[in-house]
Amino acid sequence: MDISQYWDGWEPIIHTLVTVVAGYVALLVMLRISGPRTMASMTPLDFIVAVTIGSAFGRTLTAVEVPLAQTVLTLALLILLQWVLAWLRGRSPRVRGLLDAPPVLVYYQGSFQRRAMRRHQLVEEDVHTAVRKSGGGSLEGVSAVVLQQDGELGVIAEGQMGDGSSLLPFTQGDGGERPTDDRR
């Protein structure tokens, strides 16, 4: 029986202790410096970066052969990449179009937008759930339900619709067409 499977001396224990503490502190500092956008509501880009950071950090916690400097560099590069993409996204509509999923109108003034719902694998129950979560008991009094960029369904009550200017042109239906009365 190979005892190294259970105990391989103090060196790996000390390496893990130093890597966890220093890596955690470095990650905390880098995320603090990079600003709140790095860990904002989870758009697909944010999700990919968060999973990648978690995976890279998790891998290095128990890997004795990965030096702490390499761990910190990996985390710094991932956060820098996220920051650069966020910076580009804020300055270029083309980059924003590549990185962001546009909001999609899935319910509008009494009508489910079935084409948009099918395209995004939503069913009527999803819309009803969103209405309940927003404090409503029925679709009566709901002007619109929008599939947001982060995957949440946002509910806009009739009294809150105003001029509808927050419903961007591309949220009118799916792909730019006007909302329809497609109750079929």
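1. The model contains an open sheet of four strands in the order β2-β1-β3-β4, paired in the antiparallel sense. Strands (E, at least two residues) and helices (H or I, at least four) are DSSP runs numbered from the N terminus, and two strands pair if DSSP finds at least two bridges between them. The edge strands, β2 (111-112) and β4 (153-157), each pair on one side only.

2. This is a predicted model, in which local features need pLDDT of at least 70, side-chain atom pairs count only at pLDDT 80 or more, and totals for chains, interfaces and linings use all residues. Residues are numbered from 1 along each chain as its sequence is written, and side-chain values use heavy atoms, with hydrogens and water left out.

3. Four bridges join β1 and β3 in antiparallel pairing. Within β3, V145 stands opposite Y107.

4. Helices α2 (residues 44-62) and α3 (residues 68-91) have axes that come within 10 Å and cross at roughly 175 degrees. Axes are lines fitted to C-alpha atoms over the stretch in contact, with angles from 0 to 180 degrees between N-to-C directions. The two helices are therefore roughly antiparallel, a term for angles over 145 degrees.

Note on methods:
Angles under 35 degrees count as roughly parallel, over 145 as roughly antiparallel, 65 to 115 as roughly perpendicular and the rest as oblique.
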